[in-house]
Amino acid sequence: MLSFWEQKNFLHYDLIVVGAGFTGLSAAIHFKKKHKKAKVLVVDRGVFPSGASTKNAGFACFGSLTEILDDFWTMTPDEVLHLVEKRYAGLKQIRKEFGDQALRYQHRNGYELIGAEQLDALEQLSDINHLLRKLFSKEVFSLVKDPQKFGFSDTVKAVVKNRFEGELDPGAYLNALWTKASSLGVRILTGLSVVEVDHEEGRVLAEKKDKKEALEFFGERVAICTNAFTQKLWPSSPLEPGRGLILLSKPIDGGIPWKGAFHLDRGYVYFREVEGRLLLGGARNKDFEKEKTTDFGVNPVIKEHLNRLAQEVIFPGRPVEWEMEWTGIMAFGAKKSPIIQQIGKKTAVAVRLGGMGVAIGWQVGKEVSELLSDL
Ligand SMILES: Cc1cc2nc3c(=O)[nH]c(=O)nc-3n(C[C@H](O)[C@H](O)[C@H](O)COP(=O)(O)OP(=O)(O)OC[C@H]3O[C@@H](n4cnc5c(N)ncnc54)[C@H](O)[C@@H]3O)c2cc1C
């Protein structure tokens, strides 16, 4: 039972954001920067934000050579270029806004391992560089002259370097967003799951985890930034969940002879060095159908595939012992671009961030905040 004071002071907002991942916190920050006196609330069901934003690999990337080539099957050259431009601009924006130290950003380049079956891609390397010249001052992709130095297995026929990519700590990025939002006066409530949004009236019904208490908030505007978990709040959403697995090894004996953000298999698999450990993830393409889920379990087929890659390709002949594993859920759909759209008189969504939320979450949040500002 709420008091008169609680009802008067805690339930009504100019903007309510559902979901405190990269997108939701970015939306709240941009809105509050523009409307300094606005009352802004962000609600998340986790004790701390617990979507893909805190589970990802921290690649500050915009697409490997084979991933970009793969995109040409479904997109026009202009669309591909636009996608890369948006991702790269997003990376530059967050580095400028928060600073490399706060993000624990390291510019150690991106790399892609090329196997025998992908050698054709190298023939298109200079064409892709030429296309990207519209966006970058220098050539993006180059062949590493002595790929043996990495110590990978001899199934790796070539390594392509991307001089514009780096890595960050996704928890540090989320912390930076959280701190900025709080400093601007955004109220963040965690441990509250939104079970219903009235898209016309802006009524937001939220429950505590034990379901013992329900609260009814009212927003002049509501931004739904729940990415893979949007179905319940927007039943007609054209979203497909995609689970991602990450394995983190114990410190590797003898150290790791390389640094950087590595991709293979058209970007489906990725690995990097984290504090002397191997972080290895992805491979949902090895069991696409089973990975279309919002369940946080581990698929043994995928785990085994990653394990084999670690032992046979990345560190051939050296033991790799796993210390941790976790999964996170992404949102995909027919197109690779995010959905930023009004879905009711007072409500808009900003979802479908795919595997690039580090790069685009900030800008997607900005766009949904601008859309809602105009209501
Ligand atoms: C394993 C893995 C690796 C990845 N690696 C990378 C990478 O290296 N680089 C990269 O750029 N991207 C990567 N991504 C993708 C990136 O993490 C996402 O694109 C990004 O985090 C999406 O941010 P978001 O804020 O839109 O969604 P989320 O981070 O999923 O946030 C949604 C929030 O909504 C909350 N929520 C959901 N439903 C409700 C509800 N009903 N009520 C209240 N709150 C709710 C959730 O708790 C969550 O905090 C990876 C993803 C995964 C899973």
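What percentage of the 375 residues of the chain count as buried? In this predicted model, 53% of the residues of the chain do so. The legends below move from the whole chain to individual residues.

**Figure 1. Overall fold of the chain, with ten helices and 18 strands.** The radius of gyration is 21 Å, close to the 21 Å that the globule rule gives for 375 residues, so the chain is as compact as a globular protein of that length. Along the principal axes, the C-alpha atoms fill a box of roughly 70 × 45 × 40 Å. When contacts between residues at least 6 apart in sequence are considered, 74% of them join residues at least 24 apart.

**Figure 2. Surface and charges of the chain.** The accessible surface amounts to about 17500 Å². Carbon and sulfur atoms account for 51% of that surface.

**Figure 3. Two buried cysteines, Cys61 and Cys225.** Cys61 has a relative accessibility of 6% and therefore counts as buried, the limit being under 20%. Cys225 is likewise buried, with a relative accessible area of 8%. A disulfide is a covalent bond between the sulfur atoms of two cysteines. With a cut-off of 2.5 Å between cysteine sulfur atoms, the count of disulfides comes to zero.

**Figure 4. Arg104, a residue other than glycine with a positive phi.** Most residues other than glycine have a negative phi. Phi of Arg104, by contrast, is near 50°. Arg104 belongs to the loop that runs between helix 5 (100-103) and strand 4 (110-115). The relative accessible area of Arg104 is 52%, so the residue is exposed, the limit being over 50%.

**Figure 5. Glu275 in the loop between strand 14 (269-274) and strand 15 (277-282).** Although Glu275 is not a glycine, its phi is positive, at about 50°. Glu275 is exposed, and its relative accessible area is 69%.

**Figure 6. Arg133 in the loop between helix 7 (125-132) and strand 5 (141-143).** At 46% relative accessibility, Arg133 counts as partly exposed. Leaving aside residues up to four places away in sequence, Arg133 touches Lys138 and Glu139. Leu122 lies eleven residues from Arg133 along the chain, and the C-alpha atoms of Leu122 and Arg133 are separated by 17 Å.

**Figure 7. Glu139 and its contacts.** Glu139 is found in the loop between helix 7 and strand 5, and Arg133 is located in that loop as well. With a relative accessible area of 40%, Glu139 is partly exposed. Beyond residues up to four places away in sequence, Glu139 touches Asn129, Arg133, Arg163 and Phe164. Among these, Phe164 is 25 residues from Glu139 in sequence, and the C-alpha to C-alpha distance between Glu139 and Phe164 is 9.5 Å.

Terms used: Residues are numbered from 1 along each chain as its sequence is written. This is a predicted model: local features need pLDDT of at least 70, side-chain atom pairs count only at pLDDT 80 or more; totals for chains, interfaces and linings use all residues. Side-chain values use heavy atoms; hydrogens and water are left out. Helices (H or I, at least four residues) and strands (E, at least two) are DSSP runs, numbered from the N terminus. The radius of gyration is taken over C-alpha atoms; the globule rule is 2.2 Å times the number of residues to the power 0.38. Buried means under 20% relative accessible area, exposed over 50%, partly exposed in between (1.4 Å probe, protein chains only). Contact means heavy atoms within 4.5 Å. Accessible areas come from the Shrake-Rupley method with a 1.4 Å probe; for residues, only the protein chains shown count as cover. Lys and Arg count as positive and Asp and Glu as negative; His and the chain ends are not counted. The place of a charge is taken as NZ of Lys, CZ of Arg, CG of Asp or CD of Glu.
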